[in-house]
Amino acid sequence: MAKNHESETRTSLDDLNDQLTGLEMKVQDNQKKIMWGIVAVLAVVCLILVWVYAVRRPGIEAADNAVGQADMTLNLGNDSLALAQYKQVADDYGYDAGNRAALNAAIILYNHKQYEEAINYLKKYSPAESIIGASSQSLMGDCYVNLKDYDKAIDCFRKATKISDNNPHYTPAFLMKEATVQRELKNYKAEAELYREIETKYPRYGMETGIEIEKYLKRAELQAGE
């Protein structure tokens with residue numbers, strides 16, 4: 001009986017030891033996983049820091065310097081060379097400088113009557129401010145008007161109106177532009193509705209700009225048969 005009891009005791013101890021050994025192995029395994037997890041996180045942090053300090057900051061500085069040179073060239077009156085510089089910055093860089101360069105390039109291209117290329121650079125521009133963003137859409141609409149693509153022009157003017165967020169000076173101007181295109185398309189009813197919107201929402205616009213909105217409205221109503 002004593003031998004049996006001793007055997008049972010050893011078996012129980014062996015089982016307990018096995019359990020403890022298994023638990024210890026699990027702990028070690030978890031520690032390894034945690035360690036590798038920390039290593040992975042540190043690697044990601046290092047990559048981010050490398051990108052910020054070795055790539056992004058130098059890139060921003062280079063873009064700022066390049067667009068600054070283009071600004072100086074434009075101020076000296078050489079818009080052709082400035083255009084080439086702005087286009088290079090817009091094509092080669094991102095960041096705020098590349099974004100602004102795209103808009104400046106588009107403006108110069110529009111002034112040179114290169115409307116299709118101006119549209120391409122306006123599409124690269126991402127506005128961060130409502131008025132400039134709305135104006136960029138309006139400029140794109142002007143490009144499409146000159147290309148006689150009136151449907152796209154109307155779409156741009158409507159986007160400009162939306163982005164300008166009821167600005168009393170800019171929004172009615174964009175509505176006027178759309179009204180002009182609607183008249184060109186002989187959509188007199190749509191034209192009249194736009195003039196009514198200006199009169200209702202922006203009653204001071206006509207007086208401030210010297211535009212006789214009421215006269216244009218009556219003309220459009222007459223031609224629309226209203």
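This is a predicted model: local features need pLDDT of at least 70, side-chain atom pairs count only at pLDDT 80 or more; totals for chains, interfaces and linings use all residues.
Visitor: What elements does the protein chain hold?

Guide: The protein chain has 10 helices and 0 strands. From the N terminus, the elements read α-α-α-α-α-α-α-α-α-α. Of its 226 residues, 31% count as buried.

Visitor: What makes E178 count as buried?

Guide: Buried means under 20% relative accessible area. E178 has 5% relative accessibility, so E178 counts as buried.

Visitor: Where does E178 lie, and which residues is E178 in contact with beyond its neighbours within four places in sequence?

Guide: E178 lies in helix α7. Neighbours within four places in sequence aside, its contacts are I154, F157, R158 and L194.

Visitor: Why is α7 called roughly antiparallel to α8?

Guide: Take the angle. Helix α7 covers residues 171-184 and helix α8 covers residues 188-201. Their axes cross at roughly 165 degrees and come within 8 Å. Angles over 145 degrees count as roughly antiparallel. Therefore α7 is roughly antiparallel to α8. The crossing of α7 past α8 is left-handed.

Visitor: Which residues of α7 and α8 meet?

Guide: On the α7 side they are P172, L175, M176, E178, A179, Q182 and R183. On the α8 side they are Y188, A190, E191, L194, Y195, E197 and I198.

Visitor: How do you know that the length of α2 agrees with its residue count?

Guide: Helix α2 spans residues 79-92, which is 14 residues. The expected span is 1.5 Å times one less than the number of residues.

Visitor: What shows that the buried residues of α2 line one face?

Guide: The buried residues of α2 are A82, L83, Y86, V89 and A90. Viewed down the axis of α2, they fall within an arc of 130 degrees, so they line one face of the helix.

Visitor: Why is α5 called largely enclosed by the rest of the structure?

Guide: Count its residues. In α5, 12 of 17 are buried, so the helix is largely enclosed by the rest of the structure. Among the buried ones are I131, G133, A134, S136, Q137 and S138. L139, M140, G141, D142, C143 and Y144 are buried too.

Visitor: What span should α5 have, and what follows α5?

Guide: Helix α5, residues 130-146, should span 24 Å. Its end C-alpha atoms are 24 Å apart, so the span agrees. K148 follows α5, with a positive phi near 60 degrees.

Methods
Residues are numbered from 1 along each chain as its sequence is written. Side-chain values use heavy atoms; hydrogens and water are left out. Helices (H or I, at least four residues) and strands (E, at least two) are DSSP runs, numbered from the N terminus. Buried means under 20% relative accessible area, exposed over 50%, partly exposed in between (1.4 Å probe, protein chains only). The arc is that of the directions from the helix axis to the C-beta atoms. Axes are lines fitted to C-alpha atoms, for helices over the stretch in contact, and angles run from 0 to 180 degrees between N-to-C directions. Angles under 35 degrees count as roughly parallel, over 145 as roughly antiparallel, 65 to 115 as roughly perpendicular and the rest as oblique. A crossing is left-handed if the near helix is turned anticlockwise from the far one by less than a right angle, and right-handed if clockwise. Contact means heavy atoms within 4.5 Å.
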